[in-house]
Amino acid sequence: MEILRAEKMGFCFGVKEAIKTAEQVSEEYCNSKIYILGMLVHNKEVMKEMSERGILILEEENLEKLNSEDVVIVRAHGTTEEIYKKLKDKNVKIFDSACVFVKKSRNLLKNKEESGKKIIFVGDKEHPEVIGIISHGKNVITVADFEEFKKIEIDKNISYYVLAQTTLNKNSFNDIKEYIEKNYSNIEVGDTICGATYERQKAVEKLAGIVDIMLIVGGYNSSNSKKLLNISKQLNEKSYLIETKEDLKMEWMKGCSKVGITAGASTPEKSIQEIEKLLKEESRDGKHGKF
Ligand code: F3S
């Protein structure tokens with residue numbers, strides 16, 4: 001059995017930074033209560049490690065329990081304007097680990113709105129990153145995809161600015177971009193899909209079609225991992241999202257000799273290696289028949 005890794009996979013720049021911050025904070029403020037607002041990143045393994053460092057998870061609805069000696073780390077997705085304000089009012093020490101791409105998107109939204117443009121945001125309305133970014137605007141139109149975008153009643157007398165969730169599929173966003181260029185001169189499009197996301201999507205496109213099975217290692221709540229799965233599925237029916245080695249089902253491997261692996265931007269290298277190790281052992285021992 002051959003295991004092929006995608007050229008780009010695993011931890012992105014923003015996640016690495018967020019984890020580094022959390023590690024440093026846990027050492028520097030070991031006498032304080034340290035909280036992470038929500039999940040630092042959408043990965044169970046990473047969060048387990050954080051909890052072993054004594055870092056607690058704080059839900060947004062429980063801010064009242066904070067006091068001024070506490071430390072709060074804001075996750076890589078950022079949070080809403082209201083929550084930032086509440087944290088400041090609580091006078092806690094804040095470490096904002098919102099990724100630079102999220103901050104860029106947030107700033108673009110504010111600046112473009114201030115310059116008189118109406119904002120259209122393409123992304124998952126339920127996702128914390130989207131909820132956080134659009135909260136910094138006044139009256140943002142949010143659409144999930146191209147289909148929803150086409151349903152917006154565009155007023156030719158208004159100027160618009162389009163932003164996208166950092167993890168949006170670049171090909172889908174390009175469809176929207178082309179449509180706008182063909183049909184509207186009053187809509188400007190911003191480029192807010194992050195480079196790490198794009199590189200990982202391109203790499204899975206390259207790999208999924210040449211292997212017998214594709215494994216996408218990532219959190220079940222991780223938006224970028226789910227998008228990698230969708231891209232992979234279009235090229236290879238046998239594409240599976242798994243979070244840890246325990247989720248791997250050996251019956252998927254029957255008749256497969258080439259296994260492709262990729263991982264979401266919040267997946268630690270350790271989880272990927274554990275899966276590779278298990279695959280090699282199972283294949284060698286022939287416990288489930290040679291793959
Ligand atoms: Fe940032 Fe992109 Fe990672 S937005 S957190 S570098 S996936």
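**Ligand shell, sheets and single residues**

Student: In this predicted model, how do the residues of the shell around the ligand divide into nonpolar, polar and charged?

Tutor: Good place to begin! The residues around the ligand are Cys12, Gly14, Cys99, Phe101, Thr166, Cys194, Thr197 and Ala265. For sorting them, Cys, Phe and Ala count as nonpolar, while Gly is among the polar ones. The shell therefore divides into five nonpolar, three polar and no charged residues.

Student: Let's turn to the sheets. What is the order of the open sheet of four strands that contains β2?

Tutor: Start from the edges, β3 (56-58) and β5 (93-96), each of which pairs on one side only. Neighbouring strands here are turned by 30° against each other on average, direction ignored. The pairing is parallel, and the order is β3-β2-β4-β5.

Student: Over how many bridges do β2 and β3 pair?

Tutor: Two of the residue pairs can be followed by eye in the structure. Tyr35 has Leu56 in β3 as its bridge partner, and Leu37 stands opposite Leu58 of β3. Strand β2 (residues 34-37) pairs with β3 in the parallel sense, and the number of bridges is three.

Student: On the β4 side, which residue is the bridge partner of Ile36?

Tutor: Strand β4 covers residues 71-74 and runs parallel to β2, joined to it by four bridges. Within β4, the partner of Ile36 is Ile73.

Student: Are the residues on the two faces of β2 buried or exposed?

Tutor: Take the faces in turn: Ile34 and Ile36 point to one side, Tyr35 and Leu37 to the other. The cut-off for counting as buried is under 20% relative accessible area. Both faces of β2 are covered, and these four residues are all buried.

Student: Now for β6. Why is strand β6 described as largely enclosed by the rest of the structure?

Tutor: Strand β6 spans residues 118-122 and has parallel partners, including β7 and β8. The reason for the description lies in how many of its five residues are buried, and that number is four.

Student: Which residues stand opposite Ile120 in β7 and β8?

Tutor: β6 is joined to β7 (residues 141-143) by three bridges, and to β8 (residues 160-164) by five. Ile120 takes part in both pairings: in β7 it stands opposite Ile141, and in β8 its bridge partner is Val162.

Student: There is another open sheet, the one with β1 in it. What is its average twist from one strand to the next?

Tutor: Four strands form this sheet in the order β1-β12-β10-β11, with parallel pairing. At the edges are β1 (2-5) and β11 (239-242), each pairing on one side only. From one strand to the next, the twist averages 25°.

Student: Which residue of β11 is the bridge partner of Ile216?

Tutor: Strand β10 runs over residues 213-217 and pairs with β11 in the parallel sense over four bridges. In β11, the partner of Ile216 is Leu241.

Methods:
Residues numbered from 1 in each chain as written. Predicted model: local features only at pLDDT ≥ 70, side-chain atom pairs only at ≥ 80, totals over all residues. Heavy atoms only, no water. Pairing = 2+ DSSP bridges. Axes fitted to C-alpha atoms, helices over the stretch in contact; angles between N-to-C directions. Near = heavy atom within 4 Å. Buried < 20%, exposed > 50% of the residue type's maximum accessible area, 1.4 Å probe, protein only.
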